[in-house]
Amino acid sequence: MKELLQQLTQVPGPSGYESAIRDTIREIITPHVSEVRVDAMGNLIARLGKKSKDGKRVMIAAHMDEIGIIVSHVEKNGLVRFSNIGTVLARYLPGSRVVFLNGTRGVINSEKSDDITKLQPINQFFIDVGARSDKDCPVKTGDLAVFDREFLDFGQRVSSKALDDRSSCALMIEIIKAIKDTPHELNFVFSVQEEVGSRGATTAAFQLDADLGIALDVTPVGDLLGVKMQVNLGDGPAIKVRDIGHIADPAVVNWMVTGAKAIKIPYQMEVLDIGSTDARAMQISRSGMLSGVLSLPCRYVHSPSEVIDMADYENAQKLMVHLLSHPASFSRS
């Protein structure tokens with residue numbers, strides 16, 4: 001599992017430029033699925049199983065893209081100005097390293113401030129790529145980069161850039177490999193452009209027109225000072241109840257809770273006050289879709305060094321394999 005996580009997190013793939021990570025995942029999953037294809041948006045969609053009379057057409061999504069930056073212009077002295085791709089948090093920028101899709105590496109710093117106690121906005125940061133002028137700068141306006149940070153194995157926990165959401169992509173690959181029999185038609189969507197508004201999931205949900213949609217993603221944790229939520233690292237995968245873009249269907253929530261109890265794994269209930277997932281797009285596609293989310297607790301989300309606990313990862317895999325291997329019945333109260 002850790003080897004797969006390391007492999008996926010180290011492949012650059014900012015929103016809209018997911019080709020390298022898509023090719024990597026496609027090579028891994030092709031021997032294990034009935035069909036694999038790439039749609040017009042760039043989503044990688046893999047099908048497994050055939051819908052029986054007790055089954056459903058299910059869409060399971062994890063996004064391939066990661067946050068990144070894009071060059072807005074190059075100064076005469078060779079320093080590179082940039083804008084964000086997705087939610088890039090200024091507090092993580094000073095001293096960070098980036099790697100451009102053309103292989104160029106650079107370090108981020110900011111203009112001199114009269115008040116060093118205040119955080120500067122992104123437009124006051126720049127990237128130093130070692131250039132002496134705009135003429136010898138190896139990058140140009142429109143070039144993209146991602147954080148440059150190695151994978152760290154702490155034992156029970158791991159850290160890397162892009163665990164949001166490559167950890168869920170790895171999880172989905174493990175689920176595909178583990179499922180031996182299912183009454184459902186399972187459509188695994190490695191989606192694009194989630195970080196800029198779930199664009200890939202929007203088109204994939206429309207074309208699949210599934211009975212049930214499940215997003216796999218990360219969620220911030222509350223085991224840090226100043227973070228007020230109930231999800232903690234290592235206490236089990238989180239079953240989402242609500243975020244700012246999605247209210248999970250109570251029937252799907254209950255189905256997940258019942259499944260976790262049946263196989264005796266720890267789980268947590270998630271109420272998130274910032275951000276959303278691909279489930280938002282699934283829920284309102286066409287005439288609507290039953291939808292839910294299973295989240296991996298994650299520290300330092302949208303930083304160059306995110307952290308997850310492998311026990312949460314393993315229990316999430318067990319729960320999803322259990323749920324997708326059995327008929328799914330839903331009742332509304």
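Predicted model: local features only at pLDDT ≥ 70, side-chain atom pairs only at ≥ 80, totals over all residues.

Reply: Residues are numbered from 1 along each chain as its sequence is written, and side-chain values use heavy atoms, with hydrogens and water left out.

Me: How many salt bridges does a search of the whole structure find?
Reply: A salt bridge is a side-chain nitrogen of Lys or Arg within 4 Å of a carboxyl oxygen of Asp or Glu. Searching the whole structure on that basis gives a count of 19.

Me: Is Asp 309 buried or exposed?
Reply: Asp 309 forms a salt bridge with Arg 157, at 2.8 Å from N to O. Asp 309 lies in strand β18 (residues 306-309) and Arg 157 in strand β11 (residues 157-160), so the pair ties together parts 152 residues apart in sequence. Strands are DSSP runs of E, at least two residues, and helices are runs of H or I, at least four, numbered from the N terminus. Buried means under 20% relative accessible area, exposed over 50%, partly exposed in between (1.4 Å probe, protein chains only); at 4%, Asp 309 is buried.

Me: Which residue forms a salt bridge with Lys 240?
Reply: Lys 240 sits in strand β14 (residues 238-243), and its partner is in strand β16 (residues 268-271), 30 residues apart. The closest N and O atoms are 2.6 Å apart. Both residues are buried. The partner is Glu 270.

Me: What is the relative accessibility of Lys 76?
Reply: Lys 76 meets Asp 134 in a salt bridge of 3.8 Å, N to O. Asp 134 is partly exposed, at 24%. Lys 76 counts as exposed, because its relative accessibility is 66%.

Me: At what angle do helix α2 and helix α3 pack?
Reply: α2 covers residues 19-29 and α3 residues 163-178, with their axes 11 Å apart. Axes are lines fitted to C-alpha atoms, for helices over the stretch in contact, and angles run from 0 to 180 degrees between N-to-C directions. The helices are roughly parallel, a label for angles under 35 degrees. The angle is about 15 degrees.

Technical notes: Parallel < 35°, antiparallel > 145°, perpendicular 65-115°, else oblique.
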